[in-house]
Amino acid sequence: MSFTTSFNSSVATVASPTDKSGNEVAKAIARELCRIAAAGAQGLSSTHFLQAYQQPAAIIRAMAPAHRSAAVQALQRLRTFRDWRDNWDAEGAPAPDQGALNAASIILGYLRNYPIDPTAMLDADGKPMLILRYPGGEGEINVLSDATLDYVMPIPGRDTEYEADVHIDAAALPQQLQDVLQRLQAVLA
Amino acid sequence: MSAAGCRQVWSNASHNQKSEALDAAYPNCFCEEWSLVSDAHSPIEPAAKLARILTTPGMYDAGDLVSQKLTSANAGGLSLIRSGASDDEILGTITILVHEAAEPQSLLGAAVFDADLVRAIGRPDRHFGIYHTPDHDKQHHADLLAVPPTGTNSAIRKAKSDRRSDLKAALMPTIIFESDAAALLNELRSQGI
């Protein structure tokens, strides 16, 4: 199966009106995936696309309902950033990094089933930051490019967990981040 | 001459590399001793009053300073107004921040503080410096710049985040909430700006 055929099939699975589990998040993410594809898959390899898009429906279905609204807003915000140009903050910040925005959209899709409310922002370098708010703390995932991210995650009552230059694997949330979020989930439970 | 060297580094560094470039050439906030505009201006003294104009939601949202906005300290600097700025300089800054950002902003107010409040963060180490800097034709412009942390990439990442939190904690109590530009100007004057 060609990349295009496989990709279109994956998106269709998510966006299909016959998908009974479809919800607002599903639709928003499906629209985003279509938009990225239409833009020529900037910043991500076809392998990454295949890996990422073969499972978005399952990801979205698994998203904890309480956090769907925040996820939708964050995704919409990432989308808004795509149109921003140099000096978007009126203080000289460079235009947002399109490849990093693509990767952030995918990372956002994987932040499922965690007790967090993600918010999307930009840092002064135009790199997307996913702010994860939870009782007793606020974590940051800074998506530096289409291939790497940093994170800082204060765990309530414990040390802050952090890591730089984490490789983004579009097939899943980076293992280090999964481990941290699971520890966070255990503390918050 | 160090003043000339500092000014040269500042003018040669790209916008988002000011913090790194200045620290690489003159570590430990050495260039605070001079104006980076010209010898005709004084440097920022420890007791100097400074104001950071704040807009919402870009700089302040949900009852808190937006810490991501503070990442500018690690790049091109957080723009400040120093005391003595003209009405036009202050009102012009407000107009730009409210009307020229990519998404609509409203005036929230300003953080008003002494330079030493920020310079004291992390003592005896230096985590932030404040410099008199050029910004187009503004004569009373300053920049708050972070001192780049050292260590592994992960340690640097954590240090930047921790220091931003410290900066936020220091600035939050200094915020004056005033959404009317003329009224804010009066308030800034009464605070010594």
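# Briefing: a predicted model of chains A and B

Ala147(A) touches Val166(A), His167(A) and Ile168(A), leaving aside residues up to four places away in sequence. This is a predicted model. Chain A has seven helices and five strands. Chain B and chain A bury about 2,100 Å² between them.

**Ala147(A) and its surroundings**

- Ala147(A) sits in the loop between β3 (137–143) and β4 (148–154) of chain A.
- Ala147(A) and Ile168(A) are 21 residues apart in sequence. In space, 5.0 Å separates their C-alpha atoms.
- The relative accessible area of Ala147(A) is 25%. Buried means under 20% and exposed means over 50%, so Ala147(A) counts as partly exposed.

**Chain A as a whole**

- Read from the N terminus, the elements of chain A run α-α-α-α-α-α-β-β-β-β-β-α.
- Chain A has 189 residues, and 50% of them are buried.
- Take the contacts in chain A with a separation of 6 or more: 56% of them join residues 24 or more positions apart.

**Helix α6 of chain A**

- Helix α6(A) covers residues 98–110, which is 13 residues.
- From first C-alpha to last, α6(A) reaches 19 Å. That is close to the 18 Å expected at 1.5 Å a residue.
- α6(A) is mostly covered, with 12 of its 13 residues buried.
- Among the buried residues of α6(A) are Gly99(A), Leu101(A), Asn102(A), Ile106(A), Ile107(A) and Tyr110(A).
- Asp97(A) makes a contact at the start of α6(A). One of its side-chain oxygens reaches to within 3.0 Å of the backbone nitrogen of Gly99(A).

**Helix α3 of chain B**

- Helix α3(B) covers residues 87–99 and has 13 residues. Its span from first C-alpha to last is 18 Å, close to the expected 18 Å.
- The buried residues of α3(B) are Glu89(B), Ile90(B), Thr93(B), Ile94(B), Leu97(B) and Val98(B). They cover an arc of only 160° around the axis, so they lie on the same side of α3(B).
- Asp88(B) and His99(B) are exposed, on the face of α3(B) turned away from its buried side.
- What do the buried residues of α3(B) pack against? Their partners in chain B are β1 (49–56), β4 (78–82), β5 (106–114), β7 (141–146) and α6 (181–190).

**Where chain B meets chain A**

- The contact takes 25 residues from chain B and 28 residues from chain A.
- Of the area buried between the two chains, 49% is on carbon and sulfur atoms.
- Gln68(B), Arg157(B) and Lys158(B) supply 29% of the area that chain B buries against chain A.
- Seven salt bridges are counted between chain B and chain A.
- The side chains of Lys69(B) and Glu91(A) meet in a salt bridge, at 3.0 Å from N to O.
- Across the interface, 15 residue pairs are in polar contact.
- α3 and α5 (153–171) of chain B each supply at least two residues of the side that touches chain A. The largest share of that side, seven residues, comes from α5(B).

How values were computed
Residues numbered from 1 in each chain as written. Chains lettered and ligands numbered in written order. Predicted model: local features only at pLDDT ≥ 70, side-chain atom pairs only at ≥ 80, totals over all residues. Heavy atoms only, no water. Helix = DSSP H or I, 4+ residues; strand = E, 2+ residues; numbered from the N terminus. Expected span 1.5 Å × (residues − 1). Buried < 20%, exposed > 50% of the residue type's maximum accessible area, 1.4 Å probe, protein only. Arc of directions from axis to C-beta. Contact = heavy atoms within 4.5 Å. Buried area = accessible area lost by both parts, 1.4 Å probe. Salt bridge = Lys/Arg side-chain N within 4 Å of Asp/Glu carboxyl O. Polar contact = N/O pair within 3.5 Å; in protein donor to acceptor, adjacent residues only side chain to side chain.
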